[in-house]
Amino acid sequence: MIKVMWFLKRADGMSLEAFRDWWLTRHAHDVARHQAPHLLRYVVNVRRDDSGLGGKPADDHEWDGVAEQWFADEAAYNAVYDGGPSPTRGDTLAHTSRFARLVVTEHEFTSVDGAS
């Protein structure tokens, strides 16, 4: 299993609301459509206002969202990211000021100290 996490920062001058709308109503659907059947799972996490939550909210957030992609193996990953033209890259570049990729091995813990 290969999991890829994409960190995105919205384009300069773009509101968080507009960024969220672009990602959830258009871009995520394009990614899922273009990467099927290689993509096992795709989750989009968009930053929310945390000023009402406990703890000290960040003054400036480095990232506005994180996408998580799961692929069964390297062959499935390479079928999507083999260096050929990407149908979604231009759209990403137009709506972000920067983005970064992190390929990870996921370790899931379903309970901590016996709690469920």
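Predicted model: local features only at pLDDT ≥ 70, side-chain atom pairs only at ≥ 80, totals over all residues.
Let's start at V46: leaving aside residues up to four places away in sequence, V46 touches L16, F19, R20, W23, L24, D64 and G65.

**Around V46**
- V46 belongs to strand β2.
- Between the C-alpha atoms of V46 and S97 there are 15 Å, with the two residues 51 apart along the chain.
- F19, one of the contacts of V46, in turn touches L8, R10, M14, V46, D64, G65, H95 and T96, again not counting residues up to four places away in sequence.

**Helix α1**
- Helix α1 covers residues 16–35 and has a kink of about 40°, centred on H27.
- H27 is also among the buried residues of α1, together with L16, F19, W22, W23, A28, D30, V31 and Q35.
- The cover over these buried residues includes strands β1 (2–10), β2 (39–46), β3 (65–71) and β4 (96–104), along with helices α2 (74–80) and α3 (89–95).

- In soluble globular proteins, nonpolar side chains tend to be buried together.
- Here, the largest nonpolar core holds 17 residues, and V4, L8, F19, W22, W23 and F71 have the most contacts inside it.
- Two or more residues of this core come from each of β1, α1, β2, β3 and α2.
- Helix α1 gives the largest share, with five residues.
- F19 and W23 therefore link the topics on this page: both touch V46, both are buried residues of α1, and both are among the core residues with the most contacts.

Notes: Residues numbered from 1 in each chain as written. Heavy atoms only, no water. Bend = angle between axes of the 7 residues up to and from the residue. Helix = DSSP H or I, 4+ residues; strand = E, 2+ residues; numbered from the N terminus. Buried < 20%, exposed > 50% of the residue type's maximum accessible area, 1.4 Å probe, protein only. Contact = heavy atoms within 4.5 Å. Core = buried A, V, L, I, M, F, W, Y, C linked by side-chain atoms within 4.5 Å.
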